[in-house]
Amino acid sequence: MIDVTQVLTVAGIDSSGGAGANADLKTFHNQGVYGASIITGLTAQNTLGVQSILPTPTDFISDQFKSVLSDLDIRALKTGALFDAERVHVVADEIANSGVAHVVVDPVMVAKGGAKLLTDDAIEAVKTELFPLATVVTPNLAEASVLLNRAIATEEDMVNAAHELQLLGPKNVVLKGGHLKDSHSDDVADYVAFADGTGRWYHAPRIETNRTHGTGDTLSAFITAHLAQGETLVQIMPHAKAFMNAAIAETIAVGHGHGPLNHWVTE
C-alpha cells in the first residue's frame, strides 16, 4: 500500500475544465498529491466567459467538510471562488474547526471573462474571517487593490501592499504582479512577503498569450501541494514560478477565448 499526501480544494467547478476545482485537482495530481474537493458552486462557463452560476447550499458545504475530514488525512487545503458572504462564513467556520495545518486562500473575485465570483459584501468577510486562518494568501493586483481600497501601480506599491495585507492575519502573502507596467516590462514580477518579515521578488519572462485561464488557481494549488509535503514557501516559490511559466508557455488548443493552461507539464 502506498502512503500518499492528501490535500483539499474548496472551490467552484468550471464546466469547461480550465479553472476552479478542476485546475486545482489537475495541479495536485501533477505534483504527486491526492486531491479531494469541496464544491462551493457550479458554473456554466467556457473559455469565453461565465454564463451562469449556481452556489452550493451552505448546509451541503458543511456536509462535504464533515465527510472529507472525518475520513481523509488532509495536510493542507486551499480556497477558491466562494461567491458570497454566506458561503465565506461557513467555509471559514469549517476551516477554523478543521485542524488542517496549512491553509492557502486565493481571494478569487473575478473570472477571466469578467464575471464576478465574489460579491461586495463578501470581501470584508474574506479579510476578517479567512485571512487570519491563512498560511498563504495569493491575490493578484486587482484583488489586492480591492482588499486595500487603493490602486497598486508600482513595484513600491506592491511591496507596501503585500506587507499591509499581512497585517490582516495571513502569515505569508504572494502578490502576483502579472499586470504591473511599472518596470521590468519583459518580466512577470511577483512579490512575496514572508512570515519572518522579509520579502523577495520572483521574476519570470512575460509570455504574450491569452491562454491563461486558471493561472491563479494553479499557482495556489501548487503551493498547497508542496506545503502539504513539508516544504517551506521559500523552497516552493522558485519551483512554482518555473512550473507556471512552463504551463503557460507550452500551450494547448482548447476553446476559442482565454484558453486553459497545460497541466501536463513538468518544470
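This is a predicted model: local features need pLDDT of at least 70, side-chain atom pairs count only at pLDDT 80 or more; totals for chains, interfaces and linings use all residues.
Local features require pLDDT of at least 70 and side-chain atom pairs pLDDT 80 or more, whereas totals for chains, interfaces and linings use all residues. Residues are numbered from 1 along each chain as its sequence is written, and side-chain values use heavy atoms, without hydrogens and water.

View A. Helix H6 comprises residues 155-166 (helices are DSSP runs of H or I with at least four residues, strands runs of E with at least two, numbered from the N terminus). Its twelve residues should span 16 Å at 1.5 Å a residue, and the end C-alpha atoms lie 17 Å apart, which agrees; the expected span is 1.5 Å times one less than the number of residues. Glu-155, Met-158, Ala-161, Ala-162, Leu-165 and Gln-166 are buried in H6 (under 20% relative accessible area, 1.4 Å probe, protein chains only). Viewed down the axis of H6, these buried residues fall within an arc of 140°, so they line one face of the helix; the arc is that of the directions from the helix axis to the C-beta atoms. The buried residues of H6 pack against helix H5 (141-148), strand E7 (172-175), strand E8 (187-193) and strand E9 (199-205).

**View B. His-226 in helix H7.** His-226 belongs to helix H7 (residues 215-228). The residue is buried, with a relative accessible area of 9%.

**View C. Contacts of His-226.** Apart from neighbours within four places in sequence, His-226 is in contact with Gln-31, Glu-231 and Ile-236 (contact means heavy atoms within 4.5 Å).

How values were computed. Buried means under 20% relative accessible area, exposed over 50%, partly exposed in between (1.4 Å probe, protein chains only).
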